[in-house]
2 protein chains.
Amino acid sequence: MAIKRVVIAGMGFGGLSAAKELAGHGLEVVMVDRHNYHLFQPLLYQVATAGLEQESIAYPVRALARRWQGAAFRLGEVAGVDLAGRQLLLAAGALSYDYLVLAAGSRTNFFGMESIERHAFDLKSLADAEGLRNHILTLFERACREPDPARRAALLTFVVVGGGPTGVEFAGALRELTVHVLSRDYPEVLTAETRIILVEAAQSLLTAMPPELREYALARLRTMGVEVRLETRVTGADSEHVMFHDGTVIESHTLFWSAGVAAADLADRLGVPQAGGGRVKVSPDLSLEGHPEVFVIGDMAHLVQDGTPLPMMAPVAAQQGRHAAHAILARERGEETQPFRYHDKGAMATIGRSAAVAVSHGLKFRGYLAWLIWLLLHLYYLIGFRNRLLVLMNWAYYYFSHERQVRLITGEDRKTE
Amino acid sequence: MAIKRVVIAGMGFGGLSAAKELAGHGLEVVMVDRHNYHLFQPLLYQVATAGLEQESIAYPVRALARRWQGAAFRLGEVAGVDLAGRQLLLAAGALSYDYLVLAAGSRTNFFGMESIERHAFDLKSLADAEGLRNHILTLFERACREPDPARRAALLTFVVVGGGPTGVEFAGALRELTVHVLSRDYPEVLTAETRIILVEAAQSLLTAMPPELREYALARLRTMGVEVRLETRVTGADSEHVMFHDGTVIESHTLFWSAGVAAADLADRLGVPQAGGGRVKVSPDLSLEGHPEVFVIGDMAHLVQDGTPLPMMAPVAAQQGRHAAHAILARERGEETQPFRYHDKGAMATIGRSAAVAVSHGLKFRGYLAWLIWLLLHLYYLIGFRNRLLVLMNWAYYYFSHERQVRLITGEDRKTE
């Protein structure tokens, strides 16, 4: 009997946990990604704010494939799926499968606002994070030799859209970067000249958190000097302006967008029913209706639990990856698959140095303790001993020295401004 | 009396040592570079061969300016110098000076061979090193799904031109990367399929070394599996071929060029007498004839000592930087400047794991001891405690695990092949 092949498209948290669970069970497991590494996305904002080098949050997939029996890696961009022919279509040829796990993740959702899509920064890839870091540092270089106060103010104004964890963490980290590090690097620039404006359409930040933690986060950010504007929407932008829903305009060269995510483009090319944000509707066991050999997991998948769609976040993806793997192994044994159920272990967000919020099983944490929990859990989930050591070293260094080493303007295009 | 301004163009080893020496003497010291960091060029080849992350060999100039009294940094590309008007011309305006230190370093010399200039890789910047690493890893990705043996062989053939320290170190590190790391990452590719050809026009490698060390290096490289071709010249290239002086052609997608350096372009734009390689002829005290307020140092400067021009290497640049600083301080005190004299402390090159050659004050070292000396000296000269720790950690990790973590294909352009 020929060995059956499972193809997993996407090496984020979902794809990776599916592959890990499937390895060593006599199946051929082919991991496909357009990058040759798994990216620890929750720490991208620290790369963008010069706290971590990009290499410390990326881990080569082949280093995992080596250790996982039956697993192999294939670098390639997924163009689509031939569901009838059971083939994953790559730019450089097709890959046939017996089982397919689609875990291509998400893209930023600009809700059709083209001017924002063209001018905003987002954080999905290492290149995004490196580009944003270069952009921020280059603005400070320009500001310190700009004599005109208005132009100078525009260079030093940063608008962050989205009061979820990404927006809160980025705004907090950017504020700390400017107050503790850049203020010393650029003595010509006053801390008071730098503005960070965090914009949220809802009535509060971190809407997934309990009210008291939301209020703590809001108060903490404001104490740090971040301007928070609630019930406010950004509706347009060009390279030097940000437009708001009430018609006001702010001069700023930096619009950071974390106000929405949608399923990866691949979801649109499958020709199957989709829900909000383009997510693919899946059966309770995460397989595709009519295609029990195809599973869709993570940000790409739409599944309702207790009346609401499951959120697009790493723990859901990781649990779904394991579930899809178990479903495939069950099919191979001729058993029934089980419906997926998400076990919510909690949520957290860090605001700044020694300040975070966390909620788990009804317990609420804030401040230093929450920050320690955040730190330990992120280290724990980071892959690879060396990466953990690198990140820990960077954090310890920053904690004690208030210094961020990675404030480098890299890349051929940006070597001068 | 107004404070006098010293402008230093270029933050390599020369410019940096001049700035360090000048700081704290009541002068305004403006450091100019097109990058916002000092780059430790001797370790670029380790970034290119996935041994170090780029951030660990770069150090922000502003972190130094903070500590050096009277020092400031200005990011900018130098367009030229108005010697009569005493202004350094930057893309974004002019910078007037009382003293000027030109330390713009060197560029790769392709000796007018345009096909090589277009297709060869070289190592002058972080972007070069990152690009070369991405290129090498992408070739392995392509090779492991290439069915045609001839095309596969071409993908896995690497031609390194230049038997100086850079060529030897890169060839050795690339061989170790393929034998110890990539052979395990790409089980589809056989180590025997990978060819690394080191080409040198002279009769031996490392011509600056004593004969027994040259022979040791040659034997060691050959034992490691590097093909060394002496008295051979590369005369042309396209994206898939390398042409040799005897008319033979090798199919290869990678031509690495370290066979020549010339003074940075800036030297051509000064309108002053130049020597071989475009280097600027300087007076014995390193100043420009007729312009005692302008000093030219490092790779840009041509000065003959004991009958031969000083070599283009870091120790010469660093010593000249200090000398130029002392000459400026002497002028300020109304004293005579002294002629520069290079104190040769030795030379070294590493070939591979536990294998290097070094010569100092007539003493010759090779093998493990030379390798340890190489390692300690490079750590010592690397700037910043954190960078030292990062590099040491990477080296220790690689030494004990035979693993290189940074084998990432990064950058927007290269995310698929």
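**Before you start**

Residues count from 1 along each chain as its sequence is written, while chains are lettered from A and ligands numbered from 1 in the order in which they are written. In this predicted model, local features need pLDDT of at least 70 and side-chain atom pairs count only at pLDDT 80 or more, whereas totals for chains, interfaces and linings use all residues.

**Stop 1: both chains**

Select chains A and B. The same surface serves both: 100% of the contact residues of chain B recur in chain A.

**Stop 2: the interface**

Now select the contact residues. Here, contact means C-beta atoms, placed from the backbone, within 7 Å. On chain B, 36 residues touch 36 residues of chain A. Color the elements of chain B that give two or more residues to this side: strand 4 (58-60), helix 3 (61-67), helix 5 (126-143), helix 7 (165-185) and helix 11 (385-401). Helices (H or I, at least four residues) and strands (E, at least two) are DSSP runs numbered from the N terminus. By class, the chain B side holds 14 nonpolar, eight polar and 14 charged residues. Nonpolar covers Ala, Val, Leu, Ile, Met, Phe, Trp, Tyr, Cys and Pro; charged covers Asp, Glu, Lys and Arg; the others, Gly among them, are polar.

**Stop 3: chain A**

Select domain 1 (5-34 + 76-108 + 261-332) and domain 2 (114-259) of chain A. These bounds come from an automatic or database domain assignment. Their C-alpha centres lie 34 Å apart.

Go to helix 5 (residues 126-143) of chain A. Its 18 residues should span 26 Å at 1.5 Å a residue, and the end C-alpha atoms are 26 Å apart, which agrees. The expected span is 1.5 Å times one less than the number of residues. Buried residues of this helix include Leu126(A), Arg133(A) and Phe140(A). Buried means 20 or more other C-beta atoms within 10 Å of the residue's own, exposed 12 or fewer, and partly exposed in between, with C-beta atoms placed from the backbone.

Next, pick Arg86(A), in the loop between strand 6 (78-82) and strand 7 (87-90) of chain A. Its phi is near 55°, a positive value in a residue other than glycine. Arg86(A) counts as partly exposed, with 19 C-beta neighbours inside 10 Å.

**Stop 4: the sheet in chain B**

Switch to chain B. An open sheet of six strands runs in the order 5-2-1-9-21-20, with mixed pairing. Its edges are strand 5 and strand 20 (287-288), each pairing on one side only. Strands pair if DSSP finds at least two bridges between them. Strands 2 and 5 of chain B are parallel over five bridges. Show Met31(B) with its bridge partner Phe73(B), then Asp33(B) opposite Leu75(B). Four of the five residues of strand 5 of chain B are buried.

**Stop 5: helix 1 of chain B**

Select residues 13-22 of chain B. Eight of these ten residues are buried, so helix 1 is largely enclosed by the rest of the structure. Phe13(B) and Leu22(B) are among them. The cover includes strand 1 (5-9), strand 2 (28-33) and helix 9 (314-332) of chain B. Just after the helix, Gly24(B) has a positive phi of about 80°.

**Last stop: Phe111(B)**

Find Phe111(B) in the loop between strand 10 (106-108) and helix 4 (114-119) of chain B. Its phi is near 50°. Phe111(B) is exposed, with 9 other C-beta atoms within 10 Å.

Key:
Contact = placed C-beta atoms within 7 Å.
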